[in-house]
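Here is a short report on one protein model. The sequence and structure come first, then the reading.

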Amino acid sequence: MLLTDLLLLSPPWAISAIPALGLSLAIAFAYWFWIELCYSYNGFYPYPLFTLLDTQQRAGLFVGSAFLMTASTVALKWVYARLNGIEQPSRLGSLQKKKA
């Protein structure tokens, strides 16, 4: 239902790849902070995988998740544009408009 809403009923997204990556990294590291805070109170992680990973591996997991989130955002934005007939602006086109 969320995919249908996004692709057919929502306005186009204004976010591009670099801001999407920044937002994804912020969300991933905020969630990691929350997981570590829960661990400090409970003495165990909510997911058994985190017990098996050291800090560096956990950082890699969250960075990888952020990149996957960014790739999903870019892919969904592309599908939205194709489905709704919206052309993606090119950098060359915007440079030519500035000169005119």
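## Overall make-up

Buried means under 20% relative accessible area, exposed over 50%, and partly exposed in between (1.4 Å probe, protein chains only). Buried residues make up 18% of the 100 residues in the protein.

This is a predicted model: local features need pLDDT of at least 70, side-chain atom pairs count only at pLDDT 80 or more, and totals for chains, interfaces and linings use all residues. Residues are numbered from 1 along each chain as its sequence is written, and side-chain values use heavy atoms, with hydrogens and water left out.

The protein has 5 helices and 0 strands. Helices (H or I, at least four residues) and strands (E, at least two) are DSSP runs, numbered from the N terminus.

## Helix α2

Helix α2 covers residues 17-42. Its 26 residues should span 38 Å at 1.5 Å a residue, and its end C-alpha atoms lie 37 Å apart, which agrees. The expected span is 1.5 Å times one less than the number of residues.

Ala20, Ser24, Ala28, Trp32 and Ile35 are the buried residues of α2. Their cover includes α3 (48-52) and α4.

## Packing of α2 on α4

Helix α4 spans residues 55-84. The angle between α2 and α4 is about 140 degrees, and their axes are 8 Å apart. Axes are lines fitted to C-alpha atoms, for helices over the stretch in contact; angles run from 0 to 180 degrees between N-to-C directions.

Contact means heavy atoms within 4.5 Å. On the α2 side, the contact residues include Leu21, Leu25 and Phe29. On the α4 side, they include Phe62, Ala66 and Phe67.
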